[in-house]
Amino acid sequence: MSGRVAEAPGSSTKAVAIELSRVASQDSTVPKTQELHILTKRKSSKNTKRPPWMNKELLGKVKQKKEAYRGWKQGQVAWEEYRETVRAAREQVRKAKALTEITLARDVKDNKKSFYRYVIDKRRTRENVGPLRNETGDLVTQDMEKAEVLNDFFASVFTGKYLNRTAQVAEGRDWENAEPPTVGEDQVQEGS
């Protein structure tokens, strides 16, 4: 094994690769199979999974949108031009999604696997509501307790019961050492 160290995204994988490299240089008893399975470079982003409606034309439009945004932020592109690029990209993405869904629905008898793969992918949800603090200041991590804290807060906002009370949200991994952000009644906009 040469002195190469694996470039792995996780530090634990990298630590294992460094340890294997150290052991292999000191002792020649490391099996060849272990040497062969150490990552030597990162995966390329070309192999990432794209949505079924994303094609090269849409990728080009999304890229144009990003470039227009960068240009607008740097003052090289006018706001109207940027907004027009965004609208065009959004319209094409919506049309492509609708066309894909219509095609899947039309061909469901002939191609059930694609249809159900799309449905299952759409049913997946993200459940990322961080820990919250209740009215006593205790940290709440259970889903039902979080729902109750949010319900109590928003019910109080709309009834005016607790005018000076704010909901405190603890975000991130280091929530014990950081001051959580607060949301006051003046920051909540009235619905139309």
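**Before you click**

This is a predicted model, so local features need pLDDT of at least 70 and side-chain atom pairs count only at pLDDT 80 or more, while totals for chains, interfaces and linings use all residues. Residues are numbered from 1 along each chain as its sequence is written, and side-chain values use heavy atoms, with hydrogens and water left out.

**The whole chain**

Colour by secondary structure: the protein chain has six helices and four strands. Helices here are DSSP runs (H or I, at least four residues), strands likewise (E, at least two), and both are numbered from the N terminus. Going from the N terminus, the order is α-α-α-α-α-β-β-α-β-β. Of the 192 residues in the protein chain, 18% are buried; buried means under 20% relative accessible area, exposed over 50%, and partly exposed in between (1.4 Å probe, protein chains only). Take the contacts (heavy atoms within 4.5 Å) with a separation of 6 or more: 36% of them join residues 24 or more positions apart.

**Helix 3**

Select 56-73. Helix 3 has 18 residues and reaches 26 Å from first C-alpha to last, close to the 26 Å expected at 1.5 Å a residue; that expected span is 1.5 Å times one less than the number of residues. Now show L58, A68 and G71, the buried residues of helix 3. Look down the axis of helix 3: the buried residues fall within an arc of 140°, so they line one face. The arc is taken over the directions from the helix axis to the C-beta atoms. What covers the buried residues of helix 3? Helix 4 is included in that cover.

**Helix 4**

Next, select 79-106, which is helix 4. Helix 4 has 28 residues and reaches 40 Å from its first C-alpha to its last, close to the 40 Å expected at 1.5 Å a residue.

Draw a C-alpha to C-alpha distance from A88 to K61: 8.0 Å in space, 27 residues apart in sequence.

**The largest pocket**

The largest pocket has a volume of about 350 Å³. Of the 16 residues that line this pocket, R50, P51, P52, W53 and Y118 are the closest to its centre. Helix 5 (112-123) and helix 4 are the elements that give two or more residues to the lining, and helix 5 gives the most, with five.On a 1 Å grid over the protein atoms alone, a pocket is an open set of points where a 1.4 Å probe fits, with protein on both sides within 12 Å along at least five of seven lines; lining residues have an atom within 4 Å of a point. Grid points are joined across faces, edges and corners, and the volume is the space filled by probe spheres set on the points.

**Two last picks**

R94 sits in helix 4 and counts as exposed, because its relative accessibility is 57%. From R94 to W53 is 9.4 Å, C-alpha to C-alpha. Finish on F153 in helix 6 (residues 143-159), which counts as buried at 4% relative accessibility. The C-alpha atoms of F153 and E135 are separated by 9.0 Å.
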